[in-house]
Protein chains: 2
Amino acid sequence: MGSSTALLTDRYELTMLDAALADGTAARECLFEVFARSLPHDRRYGVVAGTGRVLELIRDFRFGEPELEWLRANDVVRASTLDWLADYRFSGTISGYREGELYFPGSPILTVESSFAEGVILETLILSVFNYDSSVASAAARMVSAAAGRPLAEMGSRRTGEHSAVAAARAAYIAGFAATSNLEAGRSWGVPTMGTAAHAFTLLHDTEEDAFRSQVAAMGPGTTLLIDTFDVDAGAHLAVRVAGQSLGAVRLDSGDLPALVASVRARLDALGNTDTKITVTSDLDEYTIAALAATPVDSYGVGTSLVTGSGSVAAGMVYKLVAHRAGAGSGADSGAGSGAGAGEWMPVAKRSAKKTSIGGRKVPLRRLDAEGTAVAEVLYIDEPVPDAELEHGRALSEVFVRDGVIDERYTGVRGVEAARAHHAEVREELPAQAFRLAHGGEPVIPTEYVSA
Amino acid sequence: MGSSTALLTDRYELTMLDAALADGTAARECLFEVFARSLPHDRRYGVVAGTGRVLELIRDFRFGEPELEWLRANDVVRASTLDWLADYRFSGTISGYREGELYFPGSPILTVESSFAEGVILETLILSVFNYDSSVASAAARMVSAAAGRPLAEMGSRRTGEHSAVAAARAAYIAGFAATSNLEAGRSWGVPTMGTAAHAFTLLHDTEEDAFRSQVAAMGPGTTLLIDTFDVDAGAHLAVRVAGQSLGAVRLDSGDLPALVASVRARLDALGNTDTKITVTSDLDEYTIAALAATPVDSYGVGTSLVTGSGSVAAGMVYKLVAHRAGAGSGADSGAGSGAGAGEWMPVAKRSAKKTSIGGRKVPLRRLDAEGTAVAEVLYIDEPVPDAELEHGRALSEVFVRDGVIDERYTGVRGVEAARAHHAEVREELPAQAFRLAHGGEPVIPTEYVSA
């Protein structure tokens with residue numbers, strides 16, 4: 001149990017709650033959906049990340065005395081609303097795409113079914129998580145495919161907010177990265193951690209040789225030596241002289257990488273160090289990773305471009321009220337799903353200007369061809385997936401929270417491992433053209449809306 | 001006192017520490033500098049933000065039993081290094097640019113003077129904060145100048161990690177924004193909070209009129225009504241009918257804003273609501289804000305572009321070892337500044353490939369002309385600013401931490417208010433061409449390095 005997450009939200013969520021409690025609409029049973037109108041940076045597919053974090057943050061979304069006191073002192077809501085917040089526990093149902101799943105425009109990656117009151121105040125927090133985490137995972141997945149089987153390490157902690165760094169490491173791991181530099185991601189989420197030394201370590205010592213000897217003494221010859229502080233070729237020579245034939249790897253963090261990698265490989269081989277690996281970490285992104293495909297590089301470390309979503313640091317997710325049961329309740333009670341006597345679901349949507357949404361509950365299916373390759377994202381509006389469709393498709397919605405009870409298989413380290421495995425499995429469904437790197441493309445499969 | 005921040009760091013900081021403690025170099029007195037090689041997105045000036053947060057995070061950088069246990073279980077460092085970490089308190093000196101100050105390429109915005117051991121392990125955390133916070137502040141400052149005196153509110157919490165959202169609200173406020181939607185930024189940093197209602201509130205109700213009546217009942221007629229859920233003109237009409245002449249403001253969140261603002265203004269005036277303000281919040285950035293300068297808009301809400309640094313979400317700050325006292329100490333003691341008998345400062349710098357740095361301590365001055373306008377960023381290398389220069393310039397370095405003791409004037413709510421005031425003051429020194437919005441420019445003043 002972490003500290004309260006209840007104020008990591010926009011003020012208007014609470015003022016809406018305040019007014020809705022007063023007029024009786026707070027108890028209306030509502031459906032909120034999280035989806036993206038388009039993919040980050042016009043890519044061909046997106047990768048859902050953040051679900052496990054969202055579930056834990058909702059668990060910690062509690063208004064304790066410190067939060068209530070601040071709201072009271074700042075006159076944010078009425079006293080009766082503070083009483084309601086003091087008792088707040090999410091008691092509704094949350095379903096959606098499994099973490100690690102692919103998504104496309106309109107995919108309902110999360111559906112929150114609860115009273116208006118209970119659901120509306122989660123909007124900001126849920127979007128903060130999905131917009132950042134899914135942006136990183138979507139970028140990471142492209143880097144993984146560009147690396148064509150060579151391992152990738154996430155090293156971007158210093159290029160994003162200190163807590164976002166942990167989320168980025170987690171998201172990248174789900175999308176197929178092998179490790180992270182970030183220790184908190186290791187502790188909180190079980191992501192393998194890695195790292196040996198920076199240029200400062202070499203500069204601290206009187207000579208590069210002193211630094212290498214110290215590192216090998218502390219970490220063993222299997223360590224990775226950073227050889228580009230002064231002269232790369234001399235650094236490679238020295239690394240082998242100090243660590244011997246069992247030198248684990250050398251790291252290059254600057255320079256003209258394709259040429260440099262080739263010359264370092266030749267140098268290492270000439271010295272007999274054919275098993276010493278080469279890792280590169282210099283401002284890489286999916287394009288420079290792909291450009292190194294023909295070189296004898298062994299692994300990659302990726303920083304800035306990964307934690308900034310490679311050009312699209314917010315995934316464009318929105319949280320929309322798509323339906324409510326107009327007749328359900330008129331009191332200020334928070335109970336969700338008090339079905340008896342409730343009216344029909346009424347789809348609702350904003351309809352001015354450009355940002356038109358499609359109302360109603362979306363029930364998602366990924367249609368697959370005979371080879372198991374994805375051909376369409378099919379969203380049934382207010383109706384279940386027909387049985388016949390399930391024969392050549394995969395229903396995408398899972399229940400994460402039922403009547404307020406979180407399914408813990410989706411949280412913690414276990415949730416991360418499950419998400420990583422799920423992602424590895426479902427990316428096999430992508431058609432080959434999904435892995436084209438060029439910008440400005442179309443989603444690799446269309447989104448089809450089906451209504452009765 | 002918050003929870004420990006000690007694992008919000010890269011593994012290699014600790015493995016370097018481990019090796020340096022073993023070989024005796026850990027105690028060498030070192031100078032680390034934080035600077036940017038270039039400005040975010042080729043802009044004309046940058047704005048420092050994050051200093052106060054950094055100081056508080058360093059205060060909480062402690063290795064308690066949970067952190068030590070995890071490091072032990074994962075075999076990150078040797079047992080003797082764990083003992084050293086258990087006792088870790090930063091005992092060195094930190095100086096730099098005041099928060100809210102302008103910066104340019106090479107400006108030493110933070111200088112950490114301590115043993116190698118004490119300083120190296122802060123690198124990742126310090127950079128995470130400055131790279132994100134300064135990116136947001138630098139973008140925010142451009143929006144403030146584009147708004148030409150009209151107030152701006154930060155509303156981007158949902159478009160960045162949930163903790164970065166709080167940092168973004170704080171950074172924007174320092175750079176001149178008037179308020180934020182983020183409640184935690186209000187609680188933690190004293191940023192004024194604002195917000196009334198979203199489209200979901202209108203959609204929840206049976207009619208737009210029901211929603212408006214409810215909001216006015218709860219918040220009074222001085223509230224801001226969101227009028228673009230269905231038809232803007234009808235929404236404006238209805239808002240006035242419901243709230244009357246004392247309607248505070250209407251908000252537009254979509255559509256062709258310049259035309260829409262003009263027509264809504266005309267409609268409000270025709271209805272006699274000449275005092276009702278118009279606020280706009282639709283995917284704004286500094287360019288669209290500037291494009292609205294000639295319209296009768298009264299205030300702006302900015303989200304995505306602000307919290308993503310308007311195209312440059314990481315400010316490109318680095319943390320470099322620039323000098324050490326080679327002769328100082330050879331034991332594994334952590335004491336910084338044990339001056340007696342120590343050798344001369346030795347400037348150090350990486351010198352391979354493209355990322356060459358300039359070694360030695362930089363002592364910064366902003367040279368001003370007779371009118372008080374900035375003309376150069378002057379960095380004296382390893383020497384003090386000459387007295388004569390101080391007559392037409394401003395020394396930029398302040399001490400934030402002396403021998404481990406944090407100057408609390410720079411932390412908390414007080415630190416934020418001081419930073420905001422400082423920024424408002426120093427931006428007056430900028431030459432007029434600093435406010436040009438076009439991309440691809442040069443820093444508005446040159447950075448000059450002066451060495452003896």
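Q: What is a nonpolar core?
A: A nonpolar core is a set of buried Ala, Val, Leu, Ile, Met, Phe, Trp, Tyr and Cys residues joined through side-chain atoms within 4.5 Å. Buried means under 20% relative accessible area, exposed means over 50%, and partly exposed is in between (1.4 Å probe, protein chains only).

Q: Okay, what should I know about the model itself?
A: This is a predicted model: local features need pLDDT of at least 70, side-chain atom pairs count only at pLDDT 80 or more, and totals for chains, interfaces and linings use all residues. Residues are numbered from 1 along each chain as its sequence is written, chains are lettered from A and ligands numbered from 1 in the order in which they are written, and side-chain values use heavy atoms, with hydrogens and water left out.

Q: How many residues are in the largest nonpolar core?
A: It has 120 residues. Those with the most contacts inside it are I227, L252 and V280 of chain A, plus B:I227, B:L252 and B:V280. Contact means heavy atoms within 4.5 Å.

Q: Which residues does A:I227 touch?
A: Among them are A:F212, A:V232, A:A236, A:V250 and A:L252. A:E208 and A:R251 are on the list too. Residues up to four places away in sequence are not counted.

Q: New topic. How many salt bridges are there over all chains?
A: A search of the whole structure finds 62. A salt bridge is a side-chain nitrogen of Lys or Arg within 4 Å of a carboxyl oxygen of Asp or Glu.

Q: Which residue does B:D133 pair with in a salt bridge?
A: B:R53, at 2.8 Å, N to O. The pair links distant parts of the chain, 80 residues apart: B:D133 is in helix α6 (residues 123-147) and B:R53 is in helix α2 (residues 51-59) of chain B. Helices (H or I, at least four residues) and strands (E, at least two) are DSSP runs, numbered from the N terminus.

Q: Are those two buried or exposed?
A: B:D133 is buried, at 0% relative accessibility. B:R53 is buried as well, at 9%.

Q: And why is α2(B) largely enclosed by the rest of the structure?
A: Because eight of its nine residues are buried. B:R53 is one of them, and so are B:V54 and B:L55.

Q: What about B:R187 and B:E184?
A: Their side chains meet in a salt bridge of 3.0 Å, N to O. They are three residues apart in helix α8 (residues 183-189) of chain B, so about one helical turn separates them. B:R187 is partly exposed at 26%, whereas B:E184 is buried at 10%.
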